[in-house]
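Colleague: I want to go through your labels one by one. For each, give me the value and the cut-off.

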Amino acid sequence: MWKPLLDGAVMMAYLACALFFLRFYLQSKDRLFALFSLAFTLMGLNNLLGAVVGPDLDTERIHYLYVIRLVAYLLILGAIWDKNRAGRGSR
């Protein structure tokens, strides 16, 4: 009963985070913020697909939804790695 409501709230929070990082990207043109925005958009899409594919099914058993989440987490890790790597060359 509460699952669709909570899924919608979590999706809205992910997309709000994506817009937050997109705003900072547009101001600073820093690639870290663009990749964070893309990652949070993918996590929101993951929640949306989980709700659309099977609201009555156990969506954790649908293995291809994990791929979207994995790509989002890898984007975050890659963005952090890229930001730290870029800082080493300026010394």
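Colleague: What are the ground rules?

Modeller: This is a predicted model, where local features need pLDDT of at least 70, side-chain atom pairs count only at pLDDT 80 or more, and totals for chains, interfaces and linings use all residues. Residues are numbered from 1 along each chain as its sequence is written, and side-chain values use heavy atoms, without hydrogens or water.

Colleague: Where does Met1 lie?

Modeller: In the segment before helix 1. Together with Trp2, Leu5 and Leu6, Met1 makes a nonpolar surface patch of about 560 Å². Patch residues have over 30% relative accessible area and no salt bridge; nonpolar side chains (Val, Leu, Ile, Met, Phe, Trp, Tyr) are joined within 5 Å, like charges within 9 Å.

Colleague: Which elements make up the fold?

Modeller: The order from the N terminus is α-α-α. There are three helices and zero strands. Both are DSSP runs, numbered from the N terminus: helices are H or I with at least four residues, strands E with at least two.

Colleague: What does UniProt list as "transmembrane region"?

Modeller: The unreviewed entry lists residues 6–25, 32–52 and 64–81. UniProt positions are in the numbering used here, feature names are shortened, and annotations may be inferred rather than shown by experiment. In the model, residues 6–25 are 100% helix, and their end C-alpha atoms lie 29 Å apart. Residues 64–81 are also 100% helix, with 26 Å between the end C-alpha atoms.

Colleague: Asn46 sits in helix 2, residues 31–53. Why is Asn46 called buried?

Modeller: Its relative accessible area is 6%. That is under the limit for buried, so the label holds. Setting aside residues up to four places away in sequence, Asn46 touches Leu65, Ile68 and Arg69. Contact means heavy atoms within 4.5 Å.

Colleague: What makes a set of residues a nonpolar core?

Modeller: They are buried Ala, Val, Leu, Ile, Met, Phe, Trp, Tyr and Cys residues joined through side-chain atoms within 4.5 Å. The largest such core has 15 residues; Phe36, Phe40, Ala72 and Ile76 are among those with the most contacts inside it. Helix 1 (3–28), helix 2 and helix 3 (64–88) each give two or more residues to this core. Ala72 is in contact with Ala39, Leu42 and Met43, leaving aside neighbours within four places.

Colleague: How do you know that Asp30 and Lys83 form a salt bridge?

Modeller: The N to O distance is 2.7 Å. A salt bridge needs a side-chain nitrogen of Lys or Arg within 4 Å of a carboxyl oxygen of Asp or Glu. The pair therefore qualifies. Asp30 lies in the loop between helix 1 and helix 2 and Lys83 in helix 3, so the pair ties together parts 53 residues apart in sequence.

Colleague: How many salt bridges are there by this rule?

Modeller: Three. Arg31 pairs with Asp82, the closest N and O atoms being 2.9 Å apart. This pair links helix 2 to helix 3, across 51 residues. Arg85 also bridges to Asp82, at 2.9 Å. Arg85 and Asp82 both lie in helix 3, three residues apart, about one turn of the helix. Shared partners join Arg31, Asp82 and Arg85 into one network.

Colleague: Buried or exposed: which is Asp82?

Modeller: Buried, at 14% relative accessible area. Arg31, at 52%, counts as exposed. Arg85, at 45%, is partly exposed.

Notes: Buried means under 20% relative accessible area, exposed over 50%, partly exposed in between (1.4 Å probe, protein chains only). Accessible areas come from the Shrake-Rupley method with a 1.4 Å probe; for residues, only the protein chains shown count as cover.
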